[in-house]
Amino acid sequence: MIGDRSLAFTDSRGACPETHRDTVSSAQQAVFVPAVPDTPMEIPLYDTLEGQVALVTGATRGIGKRIADGLVRHGATVYAGARDTDDITGGDRHTLELDVTVEAQRVSAIDRIESDVGRLDILVNNAGVMDSRESLADMPTETIDRTLTTNLHGPIHLTKHALDLLLARPGGRVVNLSSGLGAVTEPQSGGMPAYRISKTGLNGLTRYLDGEYEALLANAVCPGYVQTDMTDGTAPRTPQKGAETPIWLARFRPGAPSGEFWRDQSLKAW
């Protein structure tokens with residue numbers, strides 16, 4: 001984490017603007033949030049990721065594919081995880097059959113990386129699904145379970161299995177693809193309860209990893225409202241733009257910030 005972050009009284013509209021909601025009064029929007037630095041930080045970055053190994057989940061399309069592309073360009077050995085490896089294109093990355101909801105596949109993915117290369121420097125928990133966008137009262141139980149299992153339980157368990165490799169060297173990185181919809185400083189209304197709660201939990205995982213493992217750099221990122229299968233063509237932001245900050249976080253050197261929430265390479269309130 002970055003020093004002491006005092007409480008400030010601020011308008012929640014300054015949080016990651018991925019949320020789409022009706023206008024509410026300023027009194028409703030005013031919440032207590034941790035203050036974030038308003039001046040640029042000097043963050044140590046790797047110029048190249050040559051010799052380093054990355055695992056990206058949900059790497060077949062959208063943001064995940066663009067993250068894998070970017071890490072390859074920076075020289076990393078990239079393992080691209082997907083439920084169907086036939087969907088992964090390009091011979092410049094290794095394919096892994098990885099449904100993050102299946103324990104046997106989570107274990108075998110990490111075992112394969114350990115057997116192949118004996119190290120893992122970067123884990124990008126990108127795989128995720130959208131719920132049915134209804135209110136909690138109307139959402140089917142199976143939709144809630146599927147969303148939480150994919151978006152939260154999967155990253156928790158995969159990270160658990162990856163920790164031995166990530167902690168073998170100082171500065172292992174976990175990058176969690178979160179959302180402004182999971183920020184507790186935002187009014188939590190407008191449906192999508194399972195998705196929102198899964199991303200709030202993913203932020204909690206990020207903070208836990210930062211607090212528990214001093215040698216690990218764990219950060220969460222809001223990629224913004226991106227053109228993916230989940231946004232039905234309504235989003236203004238390209239997957240390439242959404243991938244920029246996750247790729248940047250994957251380049252953090254030891255001593256860089258950890259336990260934070262980012263958008264567009266800037267700190268955001270949780």
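**View 1. Surroundings of Leu 209.** Leu 209 touches Thr 159, Leu 163, Val 174, Leu 216 and Ala 218, leaving aside residues up to four places away in sequence; contact means heavy atoms within 4.5 Å. The model is predicted, so local features need pLDDT of at least 70 and side-chain atom pairs count only at pLDDT 80 or more, whereas totals for chains, interfaces and linings use all residues. Residues are numbered from 1 along each chain as its sequence is written, and side-chain values use heavy atoms, with hydrogens and water left out. Leu 209 is placed in helix H5; helices (H or I, at least four residues) and strands (E, at least two) are DSSP runs numbered from the N terminus. Leu 209 counts as buried because its relative accessibility is 2% (buried: under 20% relative accessible area, exposed: over 50%, partly exposed: in between; 1.4 Å probe, protein chains only). Leu 209 and Ser 258 lie 49 residues apart in sequence, with 9.1 Å between their C-alpha atoms.

**View 2. Ser 179 in its loop.** Ser 179 sits in the loop between strand S7 (172–177) and helix H5 (193–212). Its relative accessibility is 0%, so Ser 179 counts as buried. The side chain of Ser 179 reaches the backbone nitrogen of Leu 181 at 2.9 Å.

View 3. Strands S3 (residues 53–56) and S4 (residues 77–82) run parallel and are joined by 4 bridges. Val 53 has Thr 77 in S4 as its bridge partner.

**View 4. Helix H4.** The end C-alpha atoms of helix H4 (residues 141–166) are 35 Å apart, which agrees with the 38 Å that its 26 residues should span at 1.5 Å a residue; the expected span is 1.5 Å times one less than the number of residues. H4 bends by about 40° at Thr 149, the bend being the angle between axes fitted to the seven residues ending there and the seven starting there.

Conventions. A polar contact is a pair of N or O atoms within 3.5 Å; within protein, one must be able to donate a hydrogen and the other to accept it, and residues adjacent in sequence count only if both atoms are side-chain atoms. Two strands pair if DSSP finds at least two bridges between them.
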